[in-house]
Amino acid sequence: MSMTTVAALTGAVFLTFTPIYEEDEVPYYTLPDPLVTEAGEPVDSPEMWREVRRPETFALFEEHVYGEWLPDPEYMRFDVVDDEPEALDGKATRRQVVIHFTEEDERPSIELLLYLPNDVEGPVPMFLHLSFWGNQAIHEDPEIRLSERWMRGHGEGVEDNRATEASRGASPQPVEAILERGYGLASFYYGDVALDDADRYREDALSLFQDIDEERGPTDAGAIGAWAWGLSRALDYLETDEDADHERTAVIGHSRLGKTALWAGAGDERFAITISNNSGCGGAALSRRRFGERVSRINDSFPHWFCHNFREYNEREDALPVDQHQLVALMAPRAVYVASATEDEWADPRGEFLAAYHAGPVYELFGESPLPVDEMPEPTQPAHGTVGYHIRDGGHSLAPEDWEQYLDFADTYFGR
Ligand code: GCU
């Protein structure tokens, strides 16, 4: 890939950065062993993982990568503002819920959109999806409330970017296909929780926990930590909705939101399945490979995503006390899915595969099936154990073909 293409993907030109795109340029590296404690002891039982190695691994990710997991909010209220039993030609019940964090209904608040299949006896298993744009961008349903929040490329008070219009930011999700398979979908805009802007990301959720007039401390959460916290709050709502099965909920995100889904699944063990689509650097891709985007580059381009300590590893990936296979392993023994796309080299598909693969020993400790392959599979050959992986032909996106795999994987895991 040329420098120009890299610039097109990220919207910025960094002339000094030349990504590695050849496998033989990947430097030699050794990965930390997920099953050896910081004190050098082997982890040989699920109890030792749960009591010692898991907490210390999670703490290392907090301290060095994503920042401290944010506490539960002091106040929370769910306002159901729309409940339509005959949505989508009678196929679904549409519910729109505002999650408030202050009695005064000020920001932050999350506008959660739900579609539940009408012809399935509930409570139904759910996909909880985090979205790049307002809820209106995922389906053409004209009754979806238009988000007026700031959006990248749109500014404040967004124009109508419903999924019908071929307008900027529409990002339709296969809602009908999900419903037909007997699943519900819940989705919200990540900017409800933290705006994806280095100058404004602390205005919302983070302002509940941080003094936003002061600089962030080295281990304070950034935007990814805030978005993950928002996913937990949406799950709090699902726990109260009798039609949704919060114990069978898969959290799913694409790209930066795939990084977020992984951090949410690690921090909140109520998620039964965690799905990261094309999550790349700081997501499923191994940092030590330095292939495509790397730590220094992501910290430069997106200084608000990770904790400040992560910058200590710019050009020093080998010094990281963890690598991303250990993030995948934090889901164990629950199900986890990593997916790549052949043309998405910026995200290092092979590095994503290897992280899923090297999480395997932790799954085996629990008697759960790791990835059932040793080599990266072909694009038409998904590999599904309790750890799942596929690589799809094409570019960086969350495509209907990806969803088909996730639905199959969820069917198997939930025994449907
Ligand atoms: C950029 C960024 C990636 C990120 C992606 C996205 O390409 O460098 O790390 O995953 O945006 O979120 O779309």
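**Ligand shell and backbone features of a predicted model**

Q: Which residues are around the ligand?
A: The residues around the ligand are F132, S255, R256, K259, E293, I298, F302, W305, W346 and H396. This is a predicted model, in which local features need pLDDT of at least 70 and side-chain atom pairs count only at pLDDT 80 or more, while totals for chains, interfaces and linings use all residues. Residues are numbered from 1 along each chain as its sequence is written, and side-chain values use heavy atoms, with hydrogens and water left out.

Q: How many nonpolar, polar and charged residues does the shell around the ligand have?
A: Ala, Val, Leu, Ile, Met, Phe, Trp, Tyr, Cys and Pro count as nonpolar, Asp, Glu, Lys and Arg as charged, and the others, Gly among them, as polar. By these classes the shell has 5 nonpolar, 2 polar and 3 charged residues.

Q: How many Å from an oxygen atom of the ligand is the N or O atom in the side chain of E293?
A: A polar contact is a pair of N or O atoms within 3.5 Å. K259 has a polar side-chain atom 2.8 Å from a ligand oxygen atom, and for H396 the value is 3.5 Å. For the side chain of E293, the distance to a ligand oxygen atom is 2.6 Å.

Q: What percentage of the ligand's accessible area does the protein cover?
A: Accessible areas come from the Shrake-Rupley method with a 1.4 Å probe. On its own the ligand has 320 Å² of accessible area, and the protein's share of cover is 90%.

Q: Is N278 buried or exposed?
A: N278 has a positive phi of about 50 degrees although it is not a glycine. It lies in the loop between β7 (273-277) and α6 (295-301); helices (H or I, at least four residues) and strands (E, at least two) are DSSP runs, numbered from the N terminus. Buried means under 20% relative accessible area, exposed over 50%, and partly exposed in between (1.4 Å probe, protein chains only). Because its relative accessibility is 0%, N278 counts as buried.

Q: Which loop holds L88?
A: L88, not a glycine, has a positive phi of about 45 degrees. At 12% relative accessibility, L88 counts as buried. Its loop is the one between β1 (77-87) and β2.

Q: Where is P333 found?
A: The peptide bond from A332 to P333 is cis, with omega near 0 degrees. P333 is in the loop between α7 (324-329) and β8 (335-341).

Conventions
Near = heavy atom within 4 Å. Polar contact = N/O pair within 3.5 Å; in protein donor to acceptor, adjacent residues only side chain to side chain.
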